Amino acid sequence: MDLETIKQRVVDGDAKGTAALAQQALDEGMPAQSILNDALIHGMGVVGELFEKNEYFVPELLLAARAMYAALDLLRPHLQAGDFEAAGKAVVGTVQGDLHDIGKKLVVIMLEGNGFEVVDLGTDVPPERFVEAVRENGSQLVGLSALLTSALPAMEQTVRAIREYDPSMKVKVIVGGAPVTQAFADSIGADGFGRDASAAVTLARRLLGDA
Ligand code: B1M
């Protein structure tokens, strides 16, 4: 299976076609991680470029997201295969004002696949909801995602709210998403920045191991 063909199905917003080809690639023995990184994520990148050039609009973004989800559902068990020790309890969400779900969902899938118990709060999550979820679930880790530059202040407010709830900083906070940088993460007092979902997992394990 040619990964370019799968990528093009995502760009076309063809959910059925994307899922069918992803399944075919899995059946042919293609690693799920390659399908994810080299076809699906690349495809969303192309969609973003077309959107910037005003060749795609919000409906096309939504169709592409639907195609990505269709394939992710198939890949999920393969991305999570493995026998891991319980690693900790995490709360993950996209910060207030931001509706982007896919990158955050990938982080959830990868954390779960690495032994974390994850509460996924979804998108557009206010700071106080993160704090409430940490309290309710006794979580040691919070993962914050943002895709919009305009949502970065909400990320900062969320870190502040978590620190106010837990001044001893036992609850570790990791942040990520396209507009987030290591420098930004440092400036808002996050414990770490994950460039992608795998990096977020490595970081989470390290931070909780150190805790
Ligand atoms: Co929108 N959108 N969008 N969008 N969208 C972007 C983000 C944008 C870059 C497109 C562009 O202009 N090129 C741009 C943001 C510009 C900016 O602020 N810098 C943008 C815009 C402007 C908008 C709207 C304002 C458009 C409008 O309405 N005029 C609007 C905002 C709505 C809102 O949130 N309030 C909007 C809406 C949408 C849809 C809802 C239609 C849809 C999302 C559907 C969904 O999620 N269910 C959508 C989409 C699909 C995109 C693009 C095309 C794709 C995003 C995506 O899913 N990527 C995106 C362009 C792009 O990214 N190139 C774009 C694939 C995903 C796997 O990658 O989410 O980056 P990503 O996650 C990565 C890493 O970032 C990281 O790991 C993942 C990979 O492993 N990561 C973490 C993410 N979170 C992490 C957390 C971590 C660690 C790592 O630790 C906790």
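This is a predicted model: local features need pLDDT of at least 70, side-chain atom pairs count only at pLDDT 80 or more; totals for chains, interfaces and linings use all residues.
Numbering runs from 1 along each chain as its sequence is written, and side-chain values use heavy atoms, with hydrogens and water left out.

**The cobalt**
- His100 is the only protein donor of the ligand's cobalt atom, with its NE2 at 2.2 Å (donors are N, O and S atoms within 2.8 Å of the metal, or 3.2 Å for Na, K and Ca).
- You'll find His100 in the loop between strand E1 (88–94) and helix H5 (102–113) (helices are DSSP runs of H or I with at least four residues, and strands are E runs of at least two, numbered from the N terminus).

**Around the ligand**
- The shell has 36 residues, and Glu52, Leu99, His100, Asp101 and Ser145 come nearest (near means a heavy atom within 4 Å).
- Glutamate 52 has a side-chain N or O atom 2.7 Å from a ligand nitrogen.
- Leucine 99 puts a polar backbone atom 2.6 Å from a ligand oxygen.

**The pocket**
- The ligand sits in the largest pocket, meaning that more than half of its atoms lie within 2 Å of the pocket's grid points.
- A pocket is an open set of points on a 1 Å grid over the protein atoms alone, where a 1.4 Å probe fits, with protein on both sides within 12 Å along at least five of seven lines; lining residues have an atom within 4 Å of a point.
- About 1400 Å³ of space lies in this pocket.
- Its lining counts 44 residues, with His100, Ile102, Gly103, Leu147 and Ala178 nearest the centre.
- H3 gives the most to that lining, 10 residues.

Conventions:
A polar contact is a pair of N or O atoms within 3.5 Å; within protein, one must be able to donate a hydrogen and the other to accept it, and residues adjacent in sequence count only if both atoms are side-chain atoms. Grid points are joined across faces, edges and corners, and a volume is the space filled by probe spheres set on the points.
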